[in-house]
Amino acid sequence: LYESTGLYGQSTIRKVNPISGDIIMQQSLDSIYFGEGLELVGDKLIQLTWRRRTAFVYNVTTFDLINSFTFTTNQNEGWGIASNGTHLVVSDGSEYLHIWDINSFTELSRIQVIDSATGNIVRRLNELEFVGNELLANIWYSDRVARIDVEQGLVTGYYDFSDLPYQRKSSEDVLNGIAYSADDHSLYITGKLWSKMFKLKLP
């Protein structure tokens with residue numbers, strides 16, 4: 001399992017054993033960067049940073065830095081990133097998803113996300129993860145994960161993880177980590193400053 005961790009002076013990328021939590025390999029970011037979303041694309045890892053408008057591309061085997069690039073979003077921040085194999089989708093905490101070319105990282109379009117049931121704009125899109133053609137996006141400061149049809153820009157439903165047995169110490173300990181295992185169709189769920197990760201079987 002590959003992770004990106006945040007906070008200034010503490011941000012890293014890591015390879016972690018999902019069962020034991022042991023860190024197998026780790027690379028630290030310069031203290032001016034706050035690490036955000038991370039996505040595996042082929043033999044590369046792409047990591048966003050929060051407010052520096054900078055992303056890094058690493059060799060997945062060695063964590064050697066291959067290159068970096070600058071980006072813009074609706075709020076000029078980097079939050080979540082996911083790939084469907086043909087494009088990258090990036091969030092910035094707003095209601096917009098940014099569609100990037102998977103090779104050049106240029107922005108192709110922006111999609112405003114709407115709840116199909118209510119017609120309301122869905123804001124605070126954070127961590128992203130594809131499950132097949134469906135994009136999962138956790139709603140910042142919420143235990144809900146939106147299920148998004150990216151082509152339509154519509155939320156078709158939600159997963160509610162408010163019943164996870166985790167004792168939070170403050171309002172900052174929010175759910176913001178999602179990873180999908182295609183091997184057994186399950187999700188790994190964790191949060192900011194959480195000491196545990198939960199594995200949940202999808203229906």
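In this predicted model, Arg144 lies over the face of Tyr158, at 4.0 Å from the ring centre. The points below turn to the strands, the aromatic rings and the charged pairs.

- Strand β4 covers residues 35–41 and is mostly covered, as 6 of its 7 residues are buried.
- The partner of β4 is strand β5, residues 44–49; the two run antiparallel and are joined by 5 bridges.
- Within this pairing, Gly35 stands opposite Thr49 of β5.
- The two strands form a hairpin with 2 residues between them, and Gly42 in the turn has a positive phi of about 65°.
- A salt bridge joins the side chains of Asp43 and Lys44, at 3.3 Å from N to O.
- Asp43 is partly exposed, with a relative accessible area of 47%, and Lys44 is likewise partly exposed, with a value of 33%.

- Ser91 stands opposite Leu97, a residue of β10.

**Aromatic rings**

- The count of aromatic pairs comes to 12.
- The rings of Tyr8 and Phe34 have their centres 5.3 Å apart and their planes at 80°, so this pair is edge-to-face; the cut-off for that class is an angle over 60 degrees.
- Tyr8 lies in the loop between β1 (2–5) and β2 (12–16), while Phe34 lies in the loop between β3 (23–28) and β4, so the pair ties together parts that are 26 residues apart in sequence.
- Tyr8 is partly exposed, with a relative accessible area of 43%, whereas Phe34 is buried, with a relative accessible area of 14%.
- One aromatic cluster is formed by Phe69, Phe71, Trp100 and Phe105.

**Salt bridges**

- Side chains of opposite charge can pair when their charged atoms come close.
- The structure holds 5 salt bridges, including the pair of Asp43 and Lys44 described above.
- Glu107 forms another salt bridge, with Arg110, and the closest N and O atoms are 2.5 Å apart.
- Both residues of that pair are partly exposed: Glu107 has a relative accessible area of 31%, and Arg110 stands at 37% relative accessibility.
- A further salt bridge links Glu134 with Arg147, where the closest N and O atoms are 3.1 Å apart.
- Glu134 belongs to strand β14 (residues 134–139) and Arg147 to strand β15 (residues 144–149), so the pair ties together parts that are 13 residues apart in sequence.
- Arg147 counts as partly exposed, at 27% relative accessibility.

Definitions and conventions. Residues are numbered from 1 along each chain as its sequence is written. This is a predicted model: local features need pLDDT of at least 70, side-chain atom pairs count only at pLDDT 80 or more; totals for chains, interfaces and linings use all residues. Side-chain values use heavy atoms; hydrogens and water are left out. Buried means under 20% relative accessible area, exposed over 50%, partly exposed in between (1.4 Å probe, protein chains only). Helices (H or I, at least four residues) and strands (E, at least two) are DSSP runs, numbered from the N terminus. Two strands pair if DSSP finds at least two bridges between them. Rings of Phe, Tyr and Trp (its six-membered ring) pair if their centres lie within 6.5 Å; planes under 30 degrees apart count as stacked, over 60 as edge-to-face and the rest as tilted. A charge sits over a ring if NZ of Lys or CZ of Arg is within 6 Å of the ring centre and within 35 degrees of the ring normal. A salt bridge is a side-chain nitrogen of Lys or Arg within 4 Å of a carboxyl oxygen of Asp or Glu.
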